[in-house]
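This report looks at a ligand site and then at a helix with the loop that follows. Please keep the sequence and the model open while reading.

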Amino acid sequence: MFQNLKIIIKRQKRLILIFLFTIFLPSVTLSIFGLIALRNESYRFEQQFRENQINLIDTIRTVISQQIGELENEINSLVRTPSLMNKEYQEINTLVENHLEEHHLSGQFFLAYGENEPMFPPFQGEESGFKSTQVKEFSSHQKRKLAEAENYEFIQKNYPESISILKELLKEIEERNLQAQVLNHIARNYMKQDILDKAMEYYTEIIQDYPNTRTPSGTLLPISVHLQRVECYNRSGLQEEALKETLLVFEEIIKNQHHLSENQLSAYVSMAREKFINIRDATPEMISSDTAYLNDFENFNNSYQKILNKWKVISTLKNECIKDITEEAVQNGEFTEEVYRYSKRIGGEEFLIISSQIPDKTKKLAQGIAGISINNTYLKERILAELIRKAGWNAEDSINVTDMSGQIIFGTKTASSKADRITSMFKDNFPPWKIEVSGNQTKPFLFSAMFKSYYFWTILAMMAILGFGIVITGRIIDHEKELLKLKSDFVASVSHEFKTPITSIKALSERLFEGTVKDQKRLKEYYSVISQDAENLSRLVENILDFSKIEEGKKQYQFEETDFIEWLEETIRNFFSRTTGRRFVIHKPEKDATSRIKIDRNAMKLAFNNLLDNAVKFSSEDSKIRVIHEKQENKLLVKIMDDGTGIPKNEQAKIFEKFYRAKSALDHSTTGTGLGLTIVKQVVEAHGGEILVESEPGKGSTFIVLLPLFT
Ligand code: ADP
């Protein structure tokens with residue numbers, strides 16, 4: 001095996017050298033260079049990626065600091081406006097409403113003067129500590145009259161009397177707020193008597209003519225009037241009107257959100273909600289016919305939720321933050337223009353607050369602070385998200401912002417290694433956040449870069465060429481190996497082929513020489529065997545000589561015009577005359593005048609002798625060999641048929657290759673060299689014909705020779 005390889009390498013030295021110098025070495029060298037270049041390229045990409053990371057962080061920091069800075073400037077100028085210095089609440093309210101509320105980043109505004117309760121304009125409900133308008137009260141005379149009417153209404157249940165006192169009182173009152181309240185009392189008395197149209201008349205008047213009326217306790221009259229009207233419609237059986245009216249209650253609540261305390265807000269909303277739900281459940285068909293009612297209801301609920309959130313912020317500011325800030329900001333009472341930044345995580349939410357001192361009139365001392373909480377949601381979900389999106393990053397898994405304790409504020413924390421991560425803080429540590437860009441994207445990023453690189457494709461092409469070269473060389477070596485084996489088999493079988501007839505000729509001729517064999521029949525038999533062996537030897541030599549000529553391309557044919565059929569029959573008979581004891585039959589068609597063709601008689605004889613010899617060799621002695629010849633169109637067809645061993649399908653193509661002998665031939669140690677059919681094919685093809693085989697193992701074989709007729 002190893003020996004074989006050595007021989008092959010020796011024989012194919014040139015091929016191997018060509019492969020080494022034209023394919024192997026250039027491919028390997030180029031691949032190594034390519035790999036080095038690719039490594040550099042990937043390093044460059046990594047650097048670029050890092051730069052991108054840093055740029056992104058810088059942009060985030062700059063933009064956010066800028067936006068917060070703008071808001072700080074706003075606060076700083078606001079504290080020095082006369083309205084804040086002089087505590088002109090009405091003015092402050094308008095300022096905040098018109099100015100700060102529009103700033104996207106601004107959350108809740110607050111004011112804290114000295115030790116006073118902090119205020120949260122524009123919210124003016126009690127809890128916000130801020131009331132910009134004062135409500136007039138009834139005079140003591142009017143109060144007495146009102147009490148009298150209430151006595152009739154609540155104790156004596158004498159509603160007409162109560163109404164007449166109230167109507168009288170109405171004439172005396174000039175203040176619109178108070179007038180509206182008396183009108184409300186009158187309507188209530190009508191309601192109690194079930195005089196609904198009258199009640200409705202008064203309620204409508206209040207809504208239309210006294211839209212901004214407030215009770216002495218600061219609540220808004222129109223909201224409770226709308227609620228009463230719902231009741232009115234309900235009692236009159238006007239369900240749809242009642243439903244619409246509940247929605248009006250909601251509208252009024254939302255519109256007046258800044259004028260209600262948190263408690264008032266939730267009380268009104270729950271009343272309106274209850275009424276809406278009652279009507280909805282009582283009249284499902286009405287609701288389903290018009291989805292607008294439900295949509296409106298849903299929208300109002302959402303708005304209510306938002307207001308509640310604002311109140312939550314107010315209470316957090318009030319209870320948890322403002323005291324801290326005031327202590328820090330107004331330490332020695334001297335006024336400074338500094339902006340105070342405050343941050344705290346409360347209940348899972350980050351509070352970022354900026355504030356400034358409010359100077360007194362001399363601008364020397366601080367009389368309090370004004371500040372604003374930063375709208376964190378906007379900061380995260382709009383500004384941050386927008387920046388990251390614009391930078392073209394798949395943000396969620398590669399960028400995150402955490403607070404100092406590592407709690408996530410934006411994004412999701414990735415488990416990428418520290419080495420791949422870039423962390424950065426905000427300027428002045430405000431917001432006190434860490435921005436982290438993870439290197440998670442480095443790898444896919446590199447891969448995509450790699451596919452774009454020429455080096456990568458060069459390496460790939462080189463590898464492919466190398467692979468191709470290896471396969472081809474491998475095949476050549478395999479083929480050589482096979483040939484080598486066939487040749488060594490050939491040498492063994494040729495020596496055997498020679499040895500057998502020579503031994504037989506030698507032994508028989510010695511017997512003849514001794515002169516002991518007298519029997520004529522015996523003598524004839526001896527001579528025939530000797531002649532047959534000599535014929536076999538001669539064919540063997542002829543085969544080998546022909547083959548080597550063919551191999552070297554030196555074979556030359558001498559074509560002579562021949563009556564082919566006649567020639568063929570004679571050749572067959574001659575063959576069988578030497579083959580003792582084999583039966584044969586020739587099926588001939590009507591003799592045809594056109595069977596004359598040009599052939600090299602010697603070569604053709606060798607070919608047919610080989611075919612006949614195979615037929616004899618691979619079939620049993622008692623079987624018959626049949627030869628059929630006929631004319632087919634412009635071809636002559638000769639079939640040589642035997643009932644012998646046959647040839648398996650997968651070997652049928654191979655038997656025409658040089659030295660090839662089928663497995664069964666080897667197994668049964670039939671004599672042969674594997675050259676016979678190679679020569680037959682060469683000869684037939686040299687005559688412009690072709691050779692085919694039809695065979696089935698165990699049933700015999702038919703070799704078909706087709707030769708062109710030249711008419
Ligand atoms: P060989 O010297 O072995 O006969 P050939 O080239 O003439 O060489 O034939 C190649 C092989 O083809 C044979 O070894 C045999 O296996 C197969 N073969 C050829 N002719 C026949 C046949 N008539 N019947 C069965 N096998 C055959």
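## The ligand and its contacts

In the ligand site, a backbone N or O atom of Gly674 lies 3.1 Å from an oxygen atom of the ligand, a pair that falls under the term polar contact (N or O atoms within 3.5 Å; within protein, one must be able to donate a hydrogen and the other to accept it, and residues adjacent in sequence count only if both atoms are side-chain atoms). A backbone N or O atom of Leu677 is 2.8 Å from a ligand oxygen atom, while Arg661 places a polar side-chain atom 2.8 Å from an oxygen atom of the ligand. Taken alone the ligand exposes 530 Å², of which the protein buries 98%; these accessible areas come from the Shrake-Rupley method with a 1.4 Å probe.

This is a predicted model, in which local features need pLDDT of at least 70 and side-chain atom pairs count only at pLDDT 80 or more, whereas totals for chains, interfaces and linings use all residues. Residues are numbered from 1 along each chain as its sequence is written, and side-chain values use heavy atoms, with hydrogens and water left out.

## The surrounding shell

The ligand is surrounded by 20 residues, the closest being Asn614, Asp642, Arg661, Thr673 and Leu677; a residue is counted as near if one of its heavy atoms lies within 4 Å of the molecule. Thr673 lies in the loop between helix H20 (663-667) and H21, where helices are DSSP runs of H or I with at least four residues, and strands are E runs of at least two, numbered from the N terminus. Thr673 is buried, with a relative accessible area of 8%, on a scale where buried means under 20%, exposed over 50% and partly exposed in between (1.4 Å probe, protein chains only). The side chain of Thr673 also reaches the backbone nitrogen of Leu675 at 3.3 Å.

Helix H7 has 17 residues (176-192) and should span 24 Å at 1.5 Å a residue, which agrees with the 25 Å between its end C-alpha atoms; the expected span is 1.5 Å times one less than the number of residues. Because 14 of the 17 residues of H7 are buried, the helix is largely enclosed by the rest of the structure.

Just after H7, Asp194 takes a positive phi of about 65°, in the loop between H7 and helix H8 (196-209). Asp194 counts as partly exposed, at 49% relative accessibility, and its side chain is joined to that of Arg235 by a polar contact of 2.6 Å.
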